[in-house]
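Have the model open while you read.

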Amino acid sequence: MEVHANQIEKRSWVEIDMTQLMNNYINYKKCLKRDAEIMAVIKADAYGHGDVQVARLLSDLGVNMFAVSNIDEAVCLREAGIKGEILILGYSSPYYARTLHDQDLTQAIVSEQYAEQLANTGIDIKCQFAIDTGMNRIGIDADKPEECEQTIRNYSKRLHINGIFTHLCVADGSSESDIAFTHDQLNKFKDVADRVSDLNLPYIHCCNSAAGLFYLDDTPFYETIGNIVRLGIILYGLKPDVTNELPQGIEPALSWKSVISMVKQVHPGETIGYGRTFKADKEITVATVATGYADGLNRHLSNSGNVLINGHKAPILGRICMDQTLVDVTDIPSVKMGTHAIILGKSGNLSYNADDMACDLNTIGYEILCQLSKRVQRFYISTYSIL
Ligand SMILES: *Cc1c(COP(=O)(O)O)cnc(C)c1O
């Protein structure tokens with residue numbers, strides 16, 4: 001739903017700034033070391049941002065390659081009218097071969113055994129071979145390049161193979177060993193790509209968000225290993241790793257907001273919430289925020305996290321409940337029923353984004369975004385004019 005921010009009167013909601021998403025895409029492209037096509041990774045509901053909305057925005061900006069995690073996500077995009085390549089990065093049961101074909105989807109081939117099963121369906125399916133260059137997750141083994149070559153050649157006759165790709169597992173790392181490992185992965189991938197170059201596969205790709213910034217350059221070496229970046233996290237304005245620097249103008253596009261349902265005084269000696277894990281040692285003012293762990297607010301932030309209210313930090317008191325969270329607003333002026341609480345986003349001069357929350361929870365921004373639950377309604381705020 002597209003609305004003005006000041007019209008939203010909800011319990012717990014997300015605002016997605018479409019202009020910021022657009023700027024993230026444009027600014028990222030500017031920083032690529034050379035001209036590369038973007039395959040937008042919009043798996044997991046575009047990292048919580050809404051896959052159809054993000055795909056439509058990017059289609060308007062000229063993107064015509066998308067990647068998702070599974071066939072349901074892919075079909076959902078087709079049903080919403082999204083055109084272009086849609087690559088399914090993970091396993092789909094061969095049972096769905098007909099759907100893959102009819103919806104014009106591109107299936108990643110996770111293993112030779114899987115290729116055989118798909119080929120045995122007799123249905124002409126667009127596929128790309130995953131090449132395992134060291135992550136040991138999916139793909140045929142690049143340590144045996146001759147076998148890789150033979151496998152790709154064999155199945156090119158039985159399936160519609162239109163590409164190969166690999167996935168880098170430490171492209172966001174800056175240590176010497178991380179860089180060496182990534183170079184090794186790229187070399188292995190290049191070897192396989194060179195061996196099948198006569199097949200003229202249109203899609204050869206190895207870069208995720210981080211690699212697009214750090215490994216794509218105009219040296220002859222890299223030029224020969226594809227010119228597509230599978231852009232995920234940076235599109236949404238977050239960092240692959242907290243140590244990474246993001247280019248100018250790339251910022252989180254998502255804010256998570258909630259409302260205060262009541263404010264009360266709590267006296268010394270009283271306790272707060274389930275398990276009575278917080279005890280007031282003085283008179284405090286407590287506000288009830290209408291968001292809980294069922295919305296995706298991680299319960300490990302109990303007694304440790306903050307929300308932002310009227311430009312101040314309001315510490316979370318006691319355990320986060322399923323639908324509600326109690327916060328200390330003793331030192332925050334004019335908090336009342338209906339006041340907004342910012343769980344992720346900006347308030348006054350303060351800002352707290354999914355990467356900040358991830359640091360507090362010893363995880364990654366990706367997980368924070370993906371945990372935002374379905375019942376947190378998404379609103380699209382936009383000042384750009386393509387839509
Ligand atoms: C998720 C994923 C990406 C995107 O990674 P980011 O770090 O979000 O850019 C790229 N490629 C594959 C295979 C993935 O699974």
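The ligand takes up the space of the largest pocket. Keep in mind that this is a predicted model.

So who are the neighbours? Around the ligand you'll find Val 41, Lys 43, Tyr 47, Leu 89, Arg 137, His 167, Asn 208, Ser 209, Arg 230, Gly 232, Ile 233 and Tyr 366.

| Residue | Polar atom from | Distance to a ligand oxygen atom |
|---|---|---|
| Arg 137 | side chain | 3.4 Å |
| Gly 232 | backbone | 3.1 Å |
| Tyr 366 | side chain | 2.6 Å |

How much of the ligand does the protein bury? On its own, the ligand exposes 380 Å², and the protein buries 92% of that.

Now for the salt bridges: the count comes to 18. One of them links the side chains of Asp 184 and Lys 188, with 3.5 Å from N to O. Where do Asp 184 and Lys 188 lie? Both are in helix α8, which covers residues 176-195. Asp 184 and Lys 188 are four residues apart, and that is about one turn of the helix.

Methods. Residues numbered from 1 in each chain as written. Predicted model: local features only at pLDDT ≥ 70, side-chain atom pairs only at ≥ 80, totals over all residues. Heavy atoms only, no water. Near = heavy atom within 4 Å. Polar contact = N/O pair within 3.5 Å; in protein donor to acceptor, adjacent residues only side chain to side chain. Areas by Shrake-Rupley, 256 points an atom, 1.4 Å probe, with all protein chains shown as cover. 1 Å grid on protein atoms, 1.4 Å probe; cavity = no way out; pocket = protein on both sides within 12 Å on 5 of 7 lines; lining within 4 Å. Sits in = over half its atoms within 2 Å of the grid points. Salt bridge = Lys/Arg side-chain N within 4 Å of Asp/Glu carboxyl O. Helix = DSSP H or I, 4+ residues; strand = E, 2+ residues; numbered from the N terminus.
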